[in-house]
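This report describes the packing of a single chain. Please consider the sequence and the coordinates shown below before reading on.

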Amino acid sequence: AAKMSAPTMEERKACWGARDEFWQCLDSHADDASKCEKLRLAFESRCPQQWVKYFDKRRDFLKYKRELEAEGYRPPEATGKS
């Protein structure tokens with residue numbers, strides 16, 4: 001049964017732990033998700049679906065930001081807002 005109530009502290013800790021392990025795996029395998037499938041499944045089973053979506057977006061954003069910083073690339077101001 002899908003619980004829509006807020007997760008308890010224990011559930012949150014389990015979710016964050018699973019996310020961190022999954023992200024660490026991705027980091028050490030150059031984001032090759034196929035190498036981290038078990039951790040991905042654990043992450044999905046321990047976190048509410050909205051959180052999984054949020055964390056996925058968050059990771060993409062953090063990765064994008066790191067790449068920008070690493071390359072020192074700043075997009076030209078002229079390119080309006082996307």
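The account that follows treats the fold, the helix pairs, the nonpolar core and selected residues in turn.

The model is predicted; local features require pLDDT of at least 70 and side-chain atom pairs pLDDT 80 or more, whereas totals for chains, interfaces and linings use all residues. Residues are numbered from 1 along each chain as its sequence is written, and side-chain values use heavy atoms, with hydrogens and water left out.

**Overall fold**

The secondary structure comprises three helices and zero strands, and along the sequence the pattern reads α-α-α. Helices (H or I, at least four residues) and strands (E, at least two) are DSSP runs, numbered from the N terminus. Of the 82 residues in the chain, 21% are buried; buried means under 20% relative accessible area, exposed over 50%, and partly exposed in between, with a 1.4 Å probe and protein chains only. Contact means heavy atoms within 4.5 Å. Among contacts between residues at least 6 apart in sequence, 55% join residues at least 24 apart.

**Helix pairs**

The table gives the geometry of the helix pairs. Axes are lines fitted to C-alpha atoms, for helices over the stretch in contact, and angles run from 0 to 180 degrees between N-to-C directions.

| Pair | Angle | Axis distance |
|---|---|---|
| H1 and H2 | about 155° | 8 Å apart |
| H1 and H3 | roughly 40° | within 12 Å |
| H2 and H3 | about 130° | 8 Å apart |

Angles under 35 degrees count as roughly parallel, over 145 as roughly antiparallel, 65 to 115 as roughly perpendicular and the rest as oblique. With axes at about 155°, H1 is therefore roughly antiparallel to H2. H1 passes H2 in a left-handed crossing; a crossing is left-handed if the near helix is turned anticlockwise from the far one by less than a right angle, and right-handed if clockwise. On the H1 side, Glu11, Ala14, Cys15, Ala18, Arg19, Glu21, Phe22 and Cys25 meet Leu39, Arg40, Ala42, Phe43 and Arg46 of H2. By class, this contact of H1 with H2 divides into eight nonpolar, no polar and five charged residues. For these classes, Ala, Val, Leu, Ile, Met, Phe, Trp, Tyr, Cys and Pro count as nonpolar, Asp, Glu, Lys and Arg as charged, and the others, Gly among them, as polar.

H1 spans residues 9–28 and H3 spans residues 49–71, and their axes cross at roughly 40°. The two helices are therefore oblique to each other, and H1 passes H3 in a right-handed crossing. H1 contributes Arg12, Cys15, Trp16, Arg19, Trp23, Leu26 and Asp27 to the contact, while H3 contributes Trp51, Phe55, Arg58, Arg59, Leu62 and Arg66. The contact of H1 with H3 has seven nonpolar, no polar and six charged residues.

H2, residues 37–46, packs against H3 at about 130°, which makes H2 oblique to H3. Arg40, Phe43 and Glu44 of H2 make this contact with Val52, Phe55 and Asp56 of H3. In class terms, the contact of H2 with H3 has three nonpolar, no polar and three charged residues.

**Nonpolar core**

In soluble globular proteins, nonpolar side chains tend to be buried together. A nonpolar core is a set of buried Ala, Val, Leu, Ile, Met, Phe, Trp, Tyr and Cys residues joined through side-chain atoms within 4.5 Å. The largest such core here has eleven residues: Cys15, Ala18, Phe22, Trp23, Cys25, Leu26, Cys36, Phe43, Cys47, Val52 and Phe55. H1 and H3 are the elements that give two or more residues to this core, and H1 gives the most, with six. Leaving out residues up to four places away in sequence, Cys25 touches Lys35, Cys36 and Leu39.

**Selected residues**

Asp56 is located in helix H3 and is partly exposed, with a relative accessible area of 25%. Apart from neighbours within four places in sequence, Asp56 is in contact with Arg40 and Phe43. Asp56 and Trp23 lie 33 residues apart in sequence and 9.8 Å apart in space, C-alpha to C-alpha.

Ala30 belongs to the loop between H1 and H2. Although not a glycine, Ala30 has a positive phi of about 50°, and at 70% relative accessibility Ala30 counts as exposed. Asp31 lies in the loop between H1 and H2. Asp31, not a glycine either, has a positive phi of about 60°, and at 29% relative accessibility Asp31 counts as partly exposed.
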